[in-house]
Amino acid sequence: MQVNRIAAPLKLLTIAFKTGRVTKKYPFGPPLITEAFRGAISIDPAKCWGCGACVLVCPPNALDIIFEKEKIVIEYFKGRCIFCGMCADTCPANAITVTKEFELAATNLEDLKEDVVHRVSKCAVCGKPFAPAAELRDVMKMHPITEEYANICPDCRRKRTARAFGMRFGASI
Ligand code: SF4
Ligand code: SF4
């Protein structure tokens with residue numbers, strides 16, 4: 001028992017001497033940023049659809065989706081971000097990059113917010129705003145749906161489909 005009390009610290013000292021200094025002098029020297037290091041995210045407005053999938057998965061609610069009359073805003077608040085990268089894994093448009101940025105101190109909270117603003121398309125039938133224009137644009141590129149169907153809201157689409165079925169099978173819907 002006595003031998004262990006002496007041997008254990010000696011073993012630690014030997015390891016420490018072999019390893020050398022591992023702490024960094026940051027902020028007086030450069031920080032240690034490894035390959036796997038995750039910092040704040042960056043959203044590419046040109047790729048983002050405004051779908052809100054990232055908002056749903058964000059654990060600390062650092063992302064928000066704000067619906068306004070004719071626009072949808074994706075708001076990123078760096079002050080709440082835990083740099084987990086789940087939003088980047090989820091984004092269907094590959095619009096999110098996890099950067100290595102971590103020096104985020106600011107004197108104004110507004111400086112920690114970033115917005116991506118989307119125009120909302122209006123339904124060609126009822127005129128109701130229903131989906132971000134960027135999402136419709138890319139969905140139309142990916143799937144062979146006609147502009148006639150893509151530009152109408154789900155309610156009007158349902159009614160139109162029901163009417164088409166009714167005409168086909170002779171019922172009046
Ligand atoms: S496209 Fe990506 S970044 Fe834009 S709202 Fe959807 S999940 Fe978020
Ligand atoms: S990295 Fe994590 S915490 Fe930060 S915005 Fe994305 S999902 Fe939210």
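I'll start at the surface. I6, L10, L13 and F17 make up a nonpolar patch there, with about 460 Å² of accessible area together. One of them, F17, sits in helix α1, residues 2-19. F17 has a relative accessible area of 70%, so it counts as exposed. Before going further, please keep in mind that this is a predicted model.

P27 belongs to the loop between α1 and β1, where β1 is 41-43. The peptide bond leading from Y26 into P27 is cis, and its omega is near 15 degrees. As background, most peptide bonds are trans, and most residues other than glycine have a negative phi.

Two residues have backbone angles worth checking on your screen. N61 is not a glycine, and its phi is positive, near 60 degrees. You will find N61 in the loop between α2, which is 53-57, and β2. F83 is not a glycine either, and its phi is positive at about 60 degrees. F83 lies in the loop between β3 and α3, the latter being 86-90.

Now ligand 1. There are 13 residues around ligand 1, and those that come nearest are C48, W49, C51, C54 and C91. How does the shell around ligand 1 divide by class? It has 11 nonpolar residues and 2 polar ones, with no charged residues.

Is D138 buried or exposed? D138 has a relative accessibility of 14%, and because the cut-off for buried is under 20%, it counts as buried. Setting aside neighbours within four places in sequence, D138 is in contact with K47 and W49. D138 is listed as buried in α4 together with A133, A134 and L136. What do the buried residues of α4 pack against? They pack against β5, against β6, which is 129-132, and against α5, which is 147-150.

From α5 I want to pick out E148, which is found in that helix. E148 is at 52% relative accessible area, so it is exposed. For a sense of scale, the C-alpha atoms of E148 and T34 are separated by 50 Å. Along the chain, E148 and T34 are 114 residues apart.

That leaves the salt bridges. How many does the structure hold? The count is 9, and I'll go through some of them.

E70 forms a salt bridge with K122, and their closest N and O atoms are 3.0 Å apart. This pair links distant parts of the chain, 52 residues apart. E70 is in the loop between β2, 63-67, and β3, 71-77, while K122 is in strand β5, residues 113-122.

K71 is partly exposed, with a relative accessible area of 35%. E68 is partly exposed as well, at 38%.

The side chains of R158 and D155 also meet in a salt bridge, at 2.6 Å from N to O. Where are these two in the fold? R158 and D155 are both in helix α6, residues 154-168, and since they are 3 residues apart, about one helical turn separates them. On exposure, R158 is at 55% relative accessibility and counts as exposed. D155 is at 34% and counts as partly exposed.

K78, E101 and E114 are linked in it by salt bridges.

Terms used:
Residues numbered from 1 in each chain as written. Chains lettered and ligands numbered in written order. Predicted model: local features only at pLDDT ≥ 70, side-chain atom pairs only at ≥ 80, totals over all residues. Heavy atoms only, no water. Near = heavy atom within 4 Å. Nonpolar A, V, L, I, M, F, W, Y, C, P; charged D, E, K, R; others polar. Salt bridge = Lys/Arg side-chain N within 4 Å of Asp/Glu carboxyl O. Buried < 20%, exposed > 50% of the residue type's maximum accessible area, 1.4 Å probe, protein only. Helix = DSSP H or I, 4+ residues; strand = E, 2+ residues; numbered from the N terminus. Contact = heavy atoms within 4.5 Å. Patch = residues over 30% accessible without salt bridge, like charges linked within 9 Å, V, L, I, M, F, W, Y side chains within 5 Å. Areas by Shrake-Rupley, 256 points an atom, 1.4 Å probe, with all protein chains shown as cover.
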